[in-house]
Amino acid sequence: MSFTSQDELNLTRALTLAREAAAFASPNPTVGSVLTRDDVILGEGAHFYDARDHAEISALKQAAALGNNVHGATSYVTLEPCAHHGRTGPCADALIAAGIARCVVATVDPNPLVSGQGLAKLRAANIEVVLLDPAHPIAQQARHLNDAFAHFIQHHHPFITLKAALSVDGKLAPPPSTRTSTTPHWVTGTAARADAQLLRQASDAILTGIGTVLADNPSLTDRTGLPRRRPLLRVILDSALRTPPDSALVRNAASELLILCSDDTTQAPTDRESALRARTAEVLRIPTIHGHLDLNAALKALAERHILSVLVEAGSTLNGNLLRANLVDRLVLYYAESELGLDALPFATGFDSPYGLQQRLTRATRATFPSHLAPNAEDVRIAGYLHDPWANISNP
């Protein structure tokens, strides 16, 4: 049987369930599932990490609780049912045992060790499997929800999104000589800034450098007010431990603050470490290369904490270092219509303009927001991938 309009409705519902649970799934993938027979929903569910059950099991349990027999039913799932033992048993086995007749899947599992095995199990049990083409809009949405998981499971370090608000001439902020305090200079309007907050809400961690801390004194909190399973981990790269103990980040250290510094105590003195720890900040020493923190060691430290996704909100130096090290996976750039001039801070040290990077983006999207500059002015968001985490994942 082909993919029908009713299949699209039910799989779209499964995708909605996955989105609603996205902030509660990390470090596992985000998945939604719906069980139907004769176009009647028998049960549905999504994966919540703390509840352990995968989406398929959640849907089966809801159907049982409602007294619905799922024998001969169709299972709709946004990610291929697993075929291996992890925190729970294989979902493919559970669907087979339940007697479903058909399974409609948005996308395969990106784990190269298991991809396709769940589908193979279902087919071996004579269950009809419908797998969407990767170019299908629902497949694309299901994949986007799991970009970070797909990247992490293949490369074993976090998926890095670099976000920046820029003037139309590609600058981050006015020249330092024109600034008189650490009050942030807002380049874009409130609508674009609210959209950027959603990036924080969707991330496991937010990363900045000591230069931004000293210049702007940011809090880097998730201000969406939306619920999430894991607190947003705020991470500072600070080789010499120059973070002020009275900075906004440290004052709110109880809400997850990690400062990465040099493992050389002559560069990062222990008395500075003690002062920060006394304010409940966590300090972790990592290797340096030519006096600068090893960025790969920093990402490894985050991976060991099961941090799948990192949002970078930093200054020119860290942006440039990450880009030169080829560690940025996704760019999200917000442009205002104003110009800041030749002497303003560049988007990234060593890069003449962000526009060249934009030409390299895949799966690029564009959105607009009302600007604060004038009634008819717009802020523009350009987002896309420098490294597509699904590039090497194909349908079996």
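Q: Is strand β2 mostly covered or mostly open, and how many of its residues are buried?
A: In this predicted model, β2 (residues 40-46) is mostly covered, with five of its seven residues buried.

Q: What does β2 pair with, and in which sense?
A: β2 pairs with strand β1 (residues 32-37) in the antiparallel sense, over six bridges. At one of the bridges, Arg-37 has Val-40 in β2 as its partner.

Q: How many residues sit between β1 and β2?
A: Two residues lie between them, and the strands form a hairpin. In the turn, Asp-38 has a positive phi of about 55°.

Q: Switching to helices. Is α6 enclosed or open, and why?
A: Helix α6 (residues 147-155) is largely enclosed by the rest of the structure, because seven of its nine residues are buried.

Q: Which ones are buried?
A: Asp-147, Ala-148, Phe-149, Ala-150, His-151, Phe-152 and Gln-154.

Q: And what covers them?
A: The cover includes helices α5 (137-145) and α11 (295-303). It also includes strands β6 (159-166), β14 (309-312), β17 (362-370) and β18 (378-385).

Q: What comes just after α6?
A: His-156, which takes a positive phi of about 65°.

Q: New topic: how many cavities of 30 Å³ or more are there?
A: The count comes to one. About 40 Å³ of space lies in the largest cavity.

Q: Which residues line the largest cavity?
A: Leu-207, Leu-237, Leu-260, Leu-295, Ala-298, Leu-299, Leu-302 and Leu-322. By class, the lining has eight nonpolar residues, no polar and no charged ones.

Q: Which element gives the largest share of that lining?
A: Helix α11, with four residues. α11 is also among the elements that cover the buried residues of α6.

Definitions and conventions: Residues are numbered from 1 along each chain as its sequence is written. This is a predicted model: local features need pLDDT of at least 70, side-chain atom pairs count only at pLDDT 80 or more; totals for chains, interfaces and linings use all residues. Side-chain values use heavy atoms; hydrogens and water are left out. Buried means under 20% relative accessible area, exposed over 50%, partly exposed in between (1.4 Å probe, protein chains only). Contact means heavy atoms within 4.5 Å. On a 1 Å grid over the protein atoms alone, a cavity is a set of points where a 1.4 Å probe fits but cannot get out, and a pocket is an open set with protein on both sides within 12 Å along at least five of seven lines; lining residues have an atom within 4 Å of a point. Grid points are joined across faces, edges and corners, and a volume is the space filled by probe spheres set on the points. Ala, Val, Leu, Ile, Met, Phe, Trp, Tyr, Cys and Pro count as nonpolar, Asp, Glu, Lys and Arg as charged, and the others, Gly among them, as polar. Two strands pair if DSSP finds at least two bridges between them.
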